[in-house]
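Please look at the sequence and the 3D structure below before reading on. The report then goes through some of the details.

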Amino acid sequence: MKPVNQDSAKIEWAGSSEGSARTLMFSGPWTNASLGPVISQLDSVTGENAQGDVALDISGISTMDMAGAWLVRRISIGFAQRGQKASLAGGSDTMIELIEELPDEVPKPAPAAPKLPIFERLFSPLGRMTVDLWDDVLAMLYVIGSAVRGAQTKINRGSGISPAAVVNQLDHMGVRAVPIITLMSFLIGAIIAQQGAFQLRYFGAEIFVVDLVGILQLREIGVLLTAIMIAGRSGSAITAEIGSMKMREEIDALKVIGLNPIGVLVFPRLVALTIALPLLTIIANFAALCGAAVVSNIYSGITYSVFLSRLHEAIDYSTLASGMIKAPFMALIIGVVAAVEGMKVGGSAESLGFHVTSSVVKSIFVVILVDALFAIFYSAIDF
C-alpha cells in the first residue's frame, strides 16, 4: 500500500525584483503538521532584499490553524521591523481576522521569584499561621458582637427575636440529630463498659466498671463526643448555608435593605445551638449509661438494680454539672467558627468546599482544646 502524499505549506516570491513592491505568495495547507518545509526555508525567503512595501498574498492557503496564523504574523512583524510595510492580501475574512488578532509578540513569562533565605522559608509559614489565627479571633469576636447587637436592634425596634427562626434551627440541629446521637452514645457506653469489664476482671473489680462509665461519660465523653458530632453535622451545614448565600450575593442584599446579616442569619443559629447541645448531651448521657448497663449485665452479670445503686454512689451533682457547664461554651464555639468560615467563602465551589472542611476541623480542634482547659480548671479548683 503506497503512502498518501500530502501537500505541504509553500512560500515564494512572485513578480519582478525590480521596483518598490513585491508579493510573497503563500500556498498549501498552513497547519501545524505541514509547516516543516516552510520553517526550514523561512530565513532564506524573507531575508531577500526587498525594497518598499510587501504584499502577503494568502489566497493560495487552503486551510489554516493557529500555528499557521502565528507563522504568517511572525513574517509580517519581521518585515515591519526592517522598516517595510507588510499588508495581507487575498484569503478569507476568517483567516485575515485570525492573523490580525494575534499579538505582536508572545508575552514573556514572569521571572521566577528569588530564592528566600532558609530562615525566612522556615519561619514565614509560622508567621502567616499566627496572623491568620489572630484574624480568626478578631472575626469571631466581631461575629459575637454583631449577633448580640443585631438582636438588641430588633428588640428596640419592637420586632424582637424571631421565634420561628430559632425553632426552625432547633428542629434541624436538635430534633433531627437525636437518632444519630442516641445510637453513637449507646455504642460508646457499651464499648467503654465492655473494655473496662475485661480489664478490671483481672483484679476482681468488675463492679467498678459502673464508676468508670458513669464518671467518664458524665464528665468528659458525653459532652465532648456530642459536640464533635454537632460540629461535623450542624457546623458544616451552617458554613455551607452562609457560604452559598455569600456566593449568591444574598448577604449583600441583606445589607442593602438595611438588615444586619450577622443578627439575621447567625444569631438564631447560635441560640438554637446553645439550647440544643445541652439537651443532646443529656440524651447522650442516658443512652451511654443504658448501653453500659446492658453490656455490664451481659458480660459481667451486673444486674440493672445493682448498676443503678452503684451509679448513685459513684456520681454526684458535681459530676453531672461539670459536663453540662461545658455544653453552652462548646455550642457557642461551633456556631461562631462555622459562621466565620461561611463569611470567608468566595465565589467558587472550591472555596465553599475548602471553608466547610476548615470549619469542621477548626471546630473540633477548638472544642477539644476547650474541654482540656475545663479539665485543667476543674482539677485546679478540685471540682
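This is a predicted model: local features need pLDDT of at least 70, side-chain atom pairs count only at pLDDT 80 or more; totals for chains, interfaces and linings use all residues.

Residues are numbered from 1 along each chain as its sequence is written, and side-chain values use heavy atoms, with hydrogens and water left out.

**Two helices**

Helices here are DSSP runs (H or I, at least four residues), numbered from the N terminus. The axes of helix H7 (residues 209-247) and helix H12 (residues 326-343) come within 8 Å of each other and cross at roughly 25°. Axes are lines fitted to C-alpha atoms, for helices over the stretch in contact, and angles run from 0 to 180 degrees between N-to-C directions. Angles under 35 degrees count as roughly parallel, and H7 and H12 are therefore roughly parallel to each other. The crossing of H7 past H12 is right-handed, which is the term used if the near helix is turned clockwise from the far one by less than a right angle.

Contact means heavy atoms within 4.5 Å. The residues of H7 that meet H12 include Arg219, Val223 and Ile230, and those on the H12 side include Met330, Ile334 and Ala338. By class, this contact of H7 with H12 has 12 nonpolar, four polar and five charged residues. Ala, Val, Leu, Ile, Met, Phe, Trp, Tyr, Cys and Pro count as nonpolar, Asp, Glu, Lys and Arg as charged, and the others, Gly among them, as polar.

**Residues and their accessibility**

Buried means under 20% relative accessible area, exposed over 50%, and partly exposed in between (1.4 Å probe, protein chains only).

| Residue | Relative accessible area | Class |
|---|---|---|
| Alanine 276 | 4% | buried |
| Serine 296 | 2% | buried |
| Phenylalanine 377 | 46% | partly exposed |
| Tyrosine 378 | 4% | buried |

Alanine 276 is part of helix H9 (residues 261-300). Leaving aside neighbours within four places in sequence, alanine 276 is in contact with Leu170, Met173 and Gly174. Serine 296 is also found in helix H9. Not counting residues up to four places away in sequence, serine 296 touches Ala193, Val209, Gly301, Ile302 and Phe307.

**Aromatic rings**

Rings of Phe, Tyr and Trp (its six-membered ring) pair if their centres lie within 6.5 Å; planes under 30 degrees apart count as stacked, over 60 as edge-to-face and the rest as tilted. The count by this rule is five aromatic pairs. In one of them, phenylalanine 377 and tyrosine 378 have ring centres 6.2 Å apart and planes at 50°, so the pair is tilted. Phe329, Phe374, Phe377 and Tyr378 form one aromatic cluster.

Definitions and conventions. Angles under 35 degrees count as roughly parallel, over 145 as roughly antiparallel, 65 to 115 as roughly perpendicular and the rest as oblique.
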